Amino acid sequence: MAQNDTLRKKPKDTKGTLLKLFSYMGKYKFAFFGIIVLSLVSNVLGLLGPNFAGSAINEAAAGVGKVNFDRVFYYAALMLGVYILSSVMAIVISIMMTRVSRRISENMRQDVFEKLLRMPVGYFDQNQAGDIISRVSYDIDVIGTCIATDVTQILTSIVTVAGSLIMMIVISPLLSLTALVTIPIAIGYTVRMKKVTQPLYSKRSKSYGKLNGFVEEMFSGQKTIQAYAYEEKVEERFDKINYDAADIYREAEHYGCTIGPTVNVVNNLGLALVAIFGAFLYMYRLIALGQISSFVLYSRKFSGPINEIANIMNELYSALSAAERVFELLGSEEEAADIENAVELENAHGDVEMQHVNFGYLPGKTIIHDLNLKADAGKLIAIVGPTGAGKTTIINLLMRFYDVDSGCILVDEKEIKEYRRKSLRGAYAMVLQDTWVFNGTIFDNIAYGKENATREEVIAVAKAAHIHSFIMRLPQGYDTIISEDGGNISKGQKQLLTIARAMLYESRILILDEATSNVDTNTERRIQKAMRELMKDKTCFVIAHRLSTIKGADRILVANHGDVIEQGTHESLMESKGFYYSLYRAQFE
Amino acid sequence: MKFIFGHMIKYRGRIVVQLIIKFTGTAAEFMIPYVLEYMLDEVAPSENIVKMIICGLLMIGIAIFVRSMNIIANRKAVRIASECIYNIRDDLFRKTMELSGSQVDKYGLPSLTSRMTSDSYNVQNFIRIIQTMGVRAPILLIGGMVVTMIMDFGLAMVLFILVPLIIASVVIISKKGIPLYEKVQQKMDTIVRIMRENITGIRVVKALSKEDYETARYKDANREMFSSDTTASVVMSLPGPIMTLIMNIGLTVVVVLGAYRVNGGITKPGVILAFLTYFNMILMGVNGINRIFIMTSKANASAGRISSVIDEGQDLVTVYGEDGFEGDIENKKGTASDNKNKPYIAFKNVSFRYVKQGNEADEYELTDIDFELNKGSSLGIIGATGSGKTTVVNLLMRFYDATKGSVIVDGKDVKEYKLTELRKKFGVVFQNDVIFADTLHENIAFGREVDEKRAMEAVTDARAAEFVGEYEDGLQHKADIHGANMSGGQKQRILIARALAAKPEILVLDDSSSALDYKTDALLRQMIREHYNNTSTIIIAQRISSIMNLDNIIVLDDGHIVGQGKHEELMENCKQYRDIYDIQMN
């Protein structure tokens, strides 16, 4: 939490964000170059259209019986050709742009994912999954859309505004003076509206976020709310949040919805000025009717993008803050790299030792104090203690999910920092309290730890974990697809699957963190033999609430408030009548 | 659609006014090119300066009038949309809050949430757009065609060929494109799923060094996302350029045709220019119709999702049995006294199976459950995962109705109670229960009249006084969403305090001490025995020590009762119970 706050307070680094964004775009610089050239040509062609149209109308305006049809056809053909070419090019540009922008999104999504896998485990303890995922599902999407539409829009707008202005001046410098009236009005209004609406829009998304969070929270507690007849209170609170959301929408749109009509009035104002002024010039024979026609068409084109630019600015702004969130994640500190000349831990023997280990998740808050522990290969070490006593922390240190603050941990008499992390972790198998399965077949889930596991091997471990008969009862047997939140498999069955998974994974050290907490006692009894088999000849670290499970351990660590307060065998600990003794007695009360 | 219009009908008066204003504004817009044409063709050649300036001012006047009308109408539309959506969300929220367990199962939590949020935004946008663009676009389109016809029927024929062509091509493309977006959404869901899996399972992934495997798996999904997203976006970006192209071809035809007609003396040159302007308007109209089309199909799907929840029937209706009507107090009293010697809580031959997607599941979750519990005594339920322990609570508190048999609380069938009356009797902690983002006091009081003193007593009884005391602000300490700033054991103790706070008639603890160590668990049970001796207690647990001292114990196996009685009795004649005991206690 604290970390989150500091991250949020960090000043916005627009320049840095832009630079990083450009480096993503840089990979496709040739495509972008092509797009720029094409859109220049396409827009210039589009601008030539009205000019030819004007010339054609000019010829047509010669009067009854005096029209030179060769000239009309000539200009009409030019006009048609220019328009067709311009449209075809517009389609090509949009296809290219879409491809490039989606490619950039793809690369970003990939980078974020790979980055996540390099992050220390602690990152996921501190950041909510929903927040991380929204950067991929929402933020990157915003960036992609922005690149695709806004970049083309900006290019088009620049070319159109500049081109129209040039054409207008070419046609009639005098008539162009009307732009001196309309442009300041349009720009002034847009700038003012942006100042008004910007804070309102960001207030609106905040209010939507609040609504979203509230609804999610209350729906997840719906049953509890019903049980305590709390509905009215919740509905009252929702009413306020709902009202605020509706109200801020109304307020933001109250101003937002004036932009369209206003730009329209500026356009029409321009048109009127052109008409009045144009008619004057026409009277004094300073301009031809066809020229007024072209001029009208250009002045329409000219003022169109001014409105667009206001919209684009809004989108650019939100894309920038989205990019900032993505780059913030990509810039987070990764798991420290393996030290130079780190060695592979191969065929580990399984001796584990902790020497004077101190550790805390937050600086200054040490929760493991001077922990010493020696586990020879093949021994069973149990860690017991109340919830929050730091049992899981010890596991985190052993597997190097976190690094110790001081002291050292040795495996096979060598400091674990000197091994390559992957090979160190490869020496462990583990079954955790939080069972984890992924969306895939049961076979894939069991075989996860061992590449090329055969069907026979998988079935063998499933039988040992007493999950085989359950699997066979499923419609597709081992090919049944299960998922994290899938209702077709219970928590206990998931845990059996992860036990089977661990059995398949060959390793010398085993970690069981409440491995059977969700398995009912009957099943637990049935799989005990398999568990013993799994634990045989391995150095085992077992965390358990049920003290009966660990009575036979070679060494029991009793943790409380982050300290290991007692160490010994069951007998010696019972004899000393300390904390362990009282814990053990409590189960019979 | 019916759903949305059903909600809009309340505002019909205001909507009619809004439509009239919008109509007036848009119609006035048509005058502008007309005046322009008149100026160029009639006034300019006549060289009448005064008339010309009048015409110019007229144009400006109309333009300002159009703007005011449009803004007034837009603002009215925004207001109506915001009020409509406020009501819809309110209805939806209330309904969701009262859905029964099986109704919630049918939709699932994420889906209910997104109906409340993104679906409601879609509907909101639709309500607004249909009032503004929905008026403007058809007027621009039809009005544009009518005006051009009046100006020059012959030239206008060009439009009659083009407009249907444009509309057809746009609609066909959109129709093809919208389902493509659904596919993109599916691909995105896959990406999100893989990410979620990797985030929740990061320890496993790292421990088994599966980073490369996961990266490859994600890469495939990512690539598929790229290609379907690109396809959908390309398809949907086509209508714009195609429309422009067709219109521009039309323009060329108009210019050429116009030249002939000017030559023949049928048409004035200014008309051609006016046509160009009207073409622009018609193009805007078609564009608007395309937007409405896309929006409608989106809003329609969203409205369907919202209304399907709101239209859910009342699942758990109160029925009044032979022995009483609601409000018939004397009769009720009589019943209560009659029941003095009857059990306080009873399950009579109860069987239950879940209803999934409208079909009853094949297997019974509970079969022939039969037990009784007297006031003030305690019941323990133990059994394997999936043996139906939680279902007993669900039936007792009537989150679901029993498929067969009857559930009795305080001498009456649960179906005869008003739901709130029934549930008022309970203090309950569910499996994986929820702490809300609020103060601890509010989390414990939970809308009931529980003052700080009483809340603190409950906290003490729940063995939570120690850690609550460590907070500087005590009971005013604020919990994060889902109690993220507390440990599992702390959360469970606050939840138990919530259940105890109102001194319930019946206390139900469903696996609610699993994160507590044995010592705390034992002290907690002792406290309940001593301070809540009038309360009937039902404890569901995995640990035998949590229930072995209770008055009556039920052993469940695969939905059947396989043993019932006191600890000693069960030790003697229930094999499953003995097994559990042996494993846990040696």
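Visitor: What radius of gyration does chain A have, and what would a compact globule of 589 residues have?

Guide: This is a predicted model, in which local features need pLDDT of at least 70 and side-chain atom pairs pLDDT 80 or more, while totals for chains, interfaces and linings use all residues. Residues are numbered from 1 along each chain as its sequence is written, with chains lettered from A and ligands numbered from 1 in written order.

Chain A has a radius of gyration of 36 Å, whereas a compact globule of 589 residues would have one near 25 Å (taken over C-alpha atoms, the rule being 2.2 Å times the number of residues to the power 0.38). The C-alpha trace of chain A extends about 120 × 55 × 50 Å along its principal axes.

Chain A contains 21 helices and twelve strands (DSSP runs of H or I, at least four residues, or of E, at least two, numbered from the N terminus). Of the contacts in chain A between residues at least 6 apart in sequence, 79% connect residues at least 24 apart (contact means backbone-placed C-beta atoms within 7 Å).

Within chain A, helix α8 (residues 179-220) packs against helix α10 (residues 231-256) at an angle of about 155 degrees, and their axes are 9 Å apart (lines fitted to C-alpha atoms over the stretch in contact, with angles from 0 to 180 degrees between N-to-C directions). α8(A) is therefore roughly antiparallel to α10(A) (over 145 degrees; under 35 is roughly parallel, 65 to 115 roughly perpendicular, the rest oblique). Their contact includes 16 nonpolar, four polar and five charged residues (Ala, Val, Leu, Ile, Met, Phe, Trp, Tyr, Cys and Pro are nonpolar, Asp, Glu, Lys and Arg charged, the others, Gly among them, polar).

The contact with chain B takes 133 residues from chain A and 129 residues from chain B. On the side of chain A that touches chain B, helix α4 (residues 69-118) of chain A supplies the largest share, 24 residues. That side of chain A divides into 70 nonpolar, 35 polar and 28 charged residues.

One pairing between the chains joins helix α21 (residues 579-586) of chain A to helix α20 (residues 518-531) of chain B, at an angle of about 50 degrees and with axes 7 Å apart. The two helices, α21(A) and α20(B), are therefore oblique to each other. A:Ser582, A:Leu583 and A:Ala586 of α21(A) meet B:Tyr518, B:Lys519 and B:Ala522 of α20(B). Four residues of this contact are nonpolar, one is polar and one is charged.

Definitions and conventions: Two residues are in contact if their C-beta atoms, placed from the backbone, lie within 7 Å.
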